[in-house]
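Hi everyone, thanks for coming. Let me put the structure up and then walk you through a few packing details.

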Amino acid sequence: MADRTGASASDKTFAVLEALVEHSRLTDIAAATNLPKATVHRILQVMVERGLAQPSGTGDYFTGPRMLALAGRVMHRLDLPARVRPELEELQRRTGRTVHLALLHGDEAVYVAKVEAGKPYQLASRVGMSLDLHSTSIGKAVLATLDDGRVAALAERTGLRRHTPGTIVEVGRLLAELATVRSRGWAEDHEENEPGVSATGAAVYDHAGHVIGGVSAATLSYEAADQPADEVGRQVVEAAAQVSRALGARTVPS
């Protein structure tokens with residue numbers, strides 16, 4: 001915790017504003033900012049007047065309507081693929097594979113960015129294409145963040161479509177696969193979504209710590225065999241964490 005003795009008024013205000021995102025009790029905000037309760041209370045009163053904070057009536061404070069409006073305007077202007085493209089390009093450079101970013105959309109995900117590998121061929125994936133969660137590395141990375149009950153419910157809704165002979169279409173096998181993903185940190189797709197294509201994926205989180213999609217590095221299966229799976233997995237996990245931080249995630253679940 002930083003010692004804020006001698007900190008400027010703007011530094012103290014920003015510290016309280018940042019702490020308010022995660023804490024509601026005055027005592028907790030004071031502890032998080034290392035500021036006296038009286039100072040925190042005074043700053044919060046100013047923030048209430050400006051609509052940045054809102055009292056609950058029981059002594060707690062929450063983010064106010066003005067902060068929510070400002071956040072909404074920022075998100076409206078945010079070009080997410082452009083914002084994280086440097087991270088995606090670096091992953092492509094390090095792995096030599098085609099890199100994707102996909103975001104959750106209901107019970108599936110949608111590709112929103114693709115960085116080509118510069119090979120003589122191109123994978124069939126394209127921006128705007130939807131993908132099933134159970135048959136892709138990004139999808140399995142996302143599913144691994146859910147408990148087994150939610151995964152089973154999703155499987156019942158979607159039916160676990162078969163795309164290739166390798167697609168996992170049994171709930172029990174999928175749950176076992178997801179247990180491996182959780183322990184390892186990344187997911188793999190071995191020709192489960194597209195014949196001849198293998199991919200490694202990891203989940204991406206937003207500023208609130210919620211999973212919103214994932215990053216993958218994909219290539220033809222015979223080329224994938226030339227790279228150590230663990231090395232590619234670690235690179236994809238690192239890239240996904242960098243993307244998450246670029247989107248405001250302060251911590252990335254491990």
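Let's start with helix α1 (residues 9-20) and helix α3 (residues 37-49), whose axes come within 10 Å and cross at roughly 80°. Axes here are lines fitted to C-alpha atoms, for helices over the stretch in contact, with angles from 0 to 180 degrees between N-to-C directions. The two helices are therefore roughly perpendicular, a label for 65 to 115 degrees. Helices are DSSP runs of H or I with at least four residues, strands are E runs of at least two, and both are numbered from the N terminus.

Now the caveats: this is a predicted model, where local features need pLDDT of at least 70, side-chain atom pairs count only at pLDDT 80 or more, and totals for chains, interfaces and linings use all residues. Residues are numbered from 1 along each chain as its sequence is written, and side-chain values use heavy atoms, leaving out hydrogens and water.

Just after α2, Asn34 takes a positive phi of about 60°.

Finally, Ala102: beyond its neighbours within four places in sequence, its contacts include Leu131, Ile138 and Ile212.

Technical notes
Angles under 35 degrees count as roughly parallel, over 145 as roughly antiparallel, 65 to 115 as roughly perpendicular and the rest as oblique. Contact means heavy atoms within 4.5 Å.
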